[in-house]
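User: Can you walk me through this model? I'd like to go piece by piece.
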Amino acid sequence: MANRITKLFNIKYPIVQAGMVWNSGWRLASASSNSGILGLIGAGSMYPEVLREHIQKCKKATDKPFGVNVPMLYPNIEKIMDIIVEEGVKIVFTSAGNPKTWTAWLQERGIIVVHVVSSVKFALKAQEAGVDAIVAEGFEAGGHNGRDETTTLTLMPMVKEKISIPLIAAGGIATGAAMLATMVLGADGVQIGSRFAASEESSAHINFKQAVVDAKEGDTQLTLKELAPVRLIKNKFYQDVQELYRRSPSVEQLKDLLGRGRAKKGMFEGDLKEGELEIGQISGAIHDIKPAAEIVKNIIQEFEKAKTIVSNF
């Protein structure tokens, strides 16, 4: 299955395990990489020295390529980047910020840089900034998201038309059939988050993993666009947000309700009422918690089966 993505990252399959906050620690990243895909550590929920520890443990647990996802809106960004260089990480995914800020600096130190975008406009800006590849993420995705609510299958061909660098699809992908669909539309590979959130190696609390498995179609919603758009499971906190919206709140009122540590409370500590439960729409099609290796195996089998079905049309 060699293509531009497998060659860029030196991996077997063109799949990236997303670097999700409170989910993507060294156990998930190393298990994913050992399965032939690119595992990512999610730096967004880690203090700098915690990130260093995860990188060091990941290096001991796998001899395969892995990377770090860095949301640039988080604090301690300079220290995080220094640690990435000091620990010899060779692949960095950046998101939630201007790709020009760090791309050249990282590449000068021998690091492959991929930037996550949600629109054609930002895909072009990322290419102009010199990134090595782009993740184009549709609004089906969990976590922080785009404001325009462009779906993955709509976004893929529009981005592909405008860029020349490798393209990775994200948002609403959990099966081999979905992987094939995005690649038919121009993607060179896929980034998968929610399916790996419900893996045995995910660092999320078992309560959150079970909530993902229990979720049905319509149980998530994109909200808080005035701050940073995020897709949430509809729990008590989500309902509190909607109640506040009925009173036409200011940005400050939304910030006050969100507070600090809300995502940690939900995903890492397992508070299903007051926590922020970030997950994608595809959670409605996830029905079990499996090892990462089994998830990858199933996706590849589904991908090959889907190719056979398509070839018979």
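This is a predicted model: local features need pLDDT of at least 70, side-chain atom pairs count only at pLDDT 80 or more; totals for chains, interfaces and linings use all residues.

User: Is A263 buried or exposed?
Analyst: A263 is buried, at a relative accessible area of 13%.

User: Which helix is A263 in?
Analyst: A263 belongs to helix α13, residues 262–268. Helices here are DSSP runs of H or I with at least four residues, strands are E runs of at least two, and both are numbered from the N terminus.

User: And what does A263 touch?
Analyst: Leaving out residues up to four places away in sequence, A263 touches W22, F268, E276 and E278. Contact means heavy atoms within 4.5 Å.

User: What about α2, which of its residues are buried?
Analyst: W26, L28, A29, S30, A31, S32 and S33. That is seven of the nine residues in α2 (26–34), so the helix counts as mostly covered.

User: What do they pack against?
Analyst: The buried residues of α2 pack against β1, β2 (38–42), α3, β3 (66–71), α9 (194–197) and α14 (292–311). After α2 comes G36, with a positive phi near 100 degrees.

User: Switching to helix pairs. At what angle do α3 and α4 pack?
Analyst: About 20 degrees, with the axes of α3 (48–61) and α4 (77–86) 9 Å apart. Axes are lines fitted to C-alpha atoms, for helices over the stretch in contact, and angles run from 0 to 180 degrees between N-to-C directions. α3 and α4 are therefore roughly parallel to each other. The cut-offs: under 35 degrees is roughly parallel, over 145 roughly antiparallel, 65 to 115 roughly perpendicular, the rest oblique.

User: Which residues make that contact?
Analyst: From α3, P48, E49, L51, R52 and I55; from α4, K79, I80, I83, I84 and E86. By class, the α3–α4 contact has six nonpolar, no polar and four charged residues. Ala, Val, Leu, Ile, Met, Phe, Trp, Tyr, Cys and Pro count as nonpolar, Asp, Glu, Lys and Arg as charged, and the others, Gly among them, as polar.

User: How do α6 and α7 cross?
Analyst: Roughly at 35 degrees, and the axes of α6 (120–129) and α7 (152–162) come within 9 Å. V120, A123, L124 and Q127 of α6 meet L155, M158, V159 and K162 of α7. Those residues divide into six nonpolar, one polar and one charged.

User: Now strands. Which residues of β9 are on each side?
Analyst: G189 and Q191 lie on one side of β9 (189–192), V190 and I192 on the other, and all are buried. β1 (15–17) runs parallel to β9, joined by three bridges. β8 (167–170) also runs parallel to β9, with three bridges. Two strands pair if DSSP finds at least two bridges between them.

User: What's the strand order in the open sheet?
Analyst: β7-β11-β10, with antiparallel pairing. β7 (143–144) and β10 (220–223) are at the edges with a single partner strand each, so one side of each has no neighbour in the sheet.

User: Which helix lies across β10 and β11?
Analyst: α11 (236–245), running at about 45 degrees to β10.

Terms used
Residues are numbered from 1 along each chain as its sequence is written. Side-chain values use heavy atoms; hydrogens and water are left out. Buried means under 20% relative accessible area, exposed over 50%, partly exposed in between (1.4 Å probe, protein chains only).
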